[in-house]
Amino acid sequence: MQFDPFVIPFNIGLYFILIYAVVRSVRWFSNLSRPDKLRLQRGFFGSAFGRSLKEIFMESLIHRKILKANFRLGYMHMSLAFGWFLLILFGTIEADIFGTRHLNPPYKAIFFKFFNPDHGRTGFEAVYSFLMDLILAFILSGLILAVIKRFSSKVVGMKKTTKLKLPDKIALTSLWLIFPSRLIAESLTSGVYGTGSFLTGSLGSVLASFLPANQLAYPFWWLYSLSLGTFFLLLPVTRYMHIPTELFLIFARNSGIRTGDQSGAFTEIQTYSCSSCGICIDACQLNFSTGITNIQSAYLMKGIRNNEDVNDIAFNCLMCGRCDRYCPVGIELTPIRMIRRRAESVEPPEKSLWSRYFPDLIKIVNTRSNGHPAFSWLPQIKTEATEVLYYAGCMTHLTPAIKKAMIRILDASGMNYRFLDEAGGVCCGRPLMLAGKDKEARELINFNSGLIRDSGARILVTSCPICYKVFRESYYLEVELMHHTQFIKMLIDEDMLRLRFLRKKVVYHAPCDLGRGSGIYDEPKDVLRHVARLQPTGFDDDDSLCCGGSLGNTRISYRQKNKIAADAASALTKGNPEILATACPLCKKTFTTVTDTRVADIAEIVAEAIAPNPPELKKHVVKELYREPADMI
Amino acid sequence: MDKFGFTLVKGRRIDYDSNDRSIAEYVSAHEPSFRICIECGCCSAACTTGNFTQFSLREIQILLKRGENDGVRDKIKKCMLCGKCTLVCPRGVNTRNVILLIQEAFRKNIKNAV
């Protein structure tokens, strides 16, 4: 029996964390809603299983997304995760092949060198020792980067790194100690027996030449075991909880579970999956334009995990979705923030460290309301029957040029349309939702739904991406919903709109709620290409910037908003375009004040391009081209 | 002749001694831009709710600053938070946050004696 008391701390830590991970997983599973449970079961025994395994390998071990975004940071994460994984895997194989017997307890693989110090002298054994040394060197290279990053984050290409709490610091120190102590322990043992490969062997012989290696090795084996044990014991209360949680998250996500708009077990899993890597901080415009560095999603997740009052963090956000796009774990950060905004701001009770091992399910207490309808004053409006319904939205009324342009386009298309909010309409409800007032928003949604239903329209066109997003996600409408860029694209494709080509250089700014929020990237650009020379900006598609005028943020001041807008505008107009085109009245309004370039909505540009006298079309051709509105769809 | 002379019409008098300005103070503490409002009324002119009702953010500002909170309590709920007022404000007052803070102050029953 090969045993030594120093393996006890490691064994305690290892079995604790294994049992803990199982208990937490069972708890999460039982807290999932019934449909989600079924999804997870189906996913576990279906094709999602393979996809999950692949994703775990690519993302949790290799860290492909981080590598793509930032090689040095990715290398750091990869060397620690993948390197450690390889070390355990090959260590187990080593213990199995070269050990005294097969099927060893885990500690045999981890402390193989201590129990088999004479191993690795010749032949295949030496090659294997070389491989093990190579893996250790791989991990240590990443560890050096990690230590440097803690003190100077610029080295790994990060402008900001996350700030830590006390348990995090202890866990981090023990994590940092694991591999150097293994290196020194193995080297000293190798030095005594004259074994080891290029790393442990050479270092061992050097150390053994002037140190009493035989006596020193044992304390370092103790240190190695202790740091492993400490790390495992502290893991549940630190950010390293993301290591086991992320596995669960990947399985759940591949099984089709989504955040939705209710808080629950899946939200909690995502919260614990955040590794506080800090990539969201670098992606955030509030960080690089206004220097606000304490409200990014990593801090929101940390605040929720630590049961802190995150009200200020939750509301100080543009809700542009850039962090969702960059998050290497793929956490749905903006939906979680939306859920959090509904919570009442309360001072959370102080929690002991022990209770943080088994936290209650994260519960969000919705803001109290008195139950009376808030919008009893809503007017009685009758809508007339129509085929196409145009809903301009509040913001479009503030930028009448867009409204006029849309009327011009609708008139030119010859379609049978009605202007729903010609005399000013009722808000779509999304601003209220962004402020966490879902109940009030629902009243507006019901009101507007009634209007749209009464009109019997088949197509609902809106000019405002904010309205578009809420119509798409929170209204239950039986109409084809279109943003005006999609509508114009359809008119062009169907040849219902004849346009001239304007010889103008145009750049396109994708609004957050239309692009990242609703996934519409191509139609606006297609329309622009049809009428002007569209140029790339370097911030295209899902990489687009926020204009800063977002209704999502109620905390930043007018000056800070302007700073974000000015930075975004100057980044977009670097190529000196003649027009900065956008598809959102709010973006237009925000950009107009901060740039000298002409800012115009796509509808305005298209209205400008409408041929003054429709090209000579023969009557029968027109009839062929123009389908009766009743035949639409 | 006994009806001759000056008199105070009670309904038109602002009694700063008995009025409660705590809500205005709560709002300006959390949103300092509330103080720089010049009561020009652009917000009320642009208002979506004001299109249908008598809702006026300008009026609310004035009432709160006087400490006449009674009238505000019901009015403030009418806002749809669409944000047009923020965009038209010539002083850069963060009006959406002002409205949210007023609602919060009433909900929390910040020392509201009136």
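Which residue is the bridge partner of A:Val506 in strand 6 of chain A? The partner is A:Leu534, and the views below show the setting of this pair. This is a predicted model, in which local features need pLDDT of at least 70, side-chain atom pairs count only at pLDDT 80 or more, and totals for chains, interfaces and linings use all residues. Residues are numbered from 1 along each chain as its sequence is written, while chains are lettered from A and ligands numbered from 1 in the order in which they are written.

**View 1. The open sheet of chain A with strand order 6-5-7-8.** The 4 strands pair in the parallel sense; two strands count as paired if DSSP finds at least two bridges between them. Strands (E, at least two residues) and helices (H or I, at least four) are DSSP runs numbered from the N terminus. Strand 6 (533-535) and strand 8 (598-601) are at the edges with a single partner strand each, so one side of each has no neighbour in the sheet. From one strand to the next, the twist averages 40 degrees. Take a look at strand 5 (505-509), which is joined to strand 6 by 3 bridges.

**View 2. Two helices of chain A packed on this sheet.** Helix 28 (585-592) touches strand 5, strand 7 (579-582) and strand 8, and its direction makes about 170 degrees with that of strand 8. Helix 29 (602-609) touches strand 7 and strand 8, at about 85 degrees to the direction of strand 8. Angles run from 0 to 180 degrees between N-to-C directions, with axes fitted to C-alpha atoms, for helices over the stretch in contact.

**View 3. Strand 1 (388-391) of chain A and its parallel partners.** A:Val388 and A:Tyr390 point one way and A:Leu389 and A:Tyr391 the other, all of them buried (20 or more other C-beta atoms within 10 Å of the residue's own, with C-beta atoms placed from the backbone). Strand 2 (417-419) pairs with strand 1 over 3 bridges, and here A:Leu389 has A:Arg418 as its bridge partner. Strand 3 (459-462) is joined to strand 1 by 4 bridges, with A:Ile459 opposite A:Val388.

**View 4. The side of chain B that touches chain A.** Here 19 residues of chain B are in contact with 17 residues of chain A, contact being C-beta atoms, placed from the backbone, within 7 Å. Helix 5 (84-88) and helix 6 (95-108) of chain B are the elements giving two or more residues, and helix 6 gives the most, with 3.

Definitions and conventions
A residue is buried if 20 or more other C-beta atoms lie within 10 Å of its own, exposed if 12 or fewer, and partly exposed in between; C-beta atoms are placed from the backbone.
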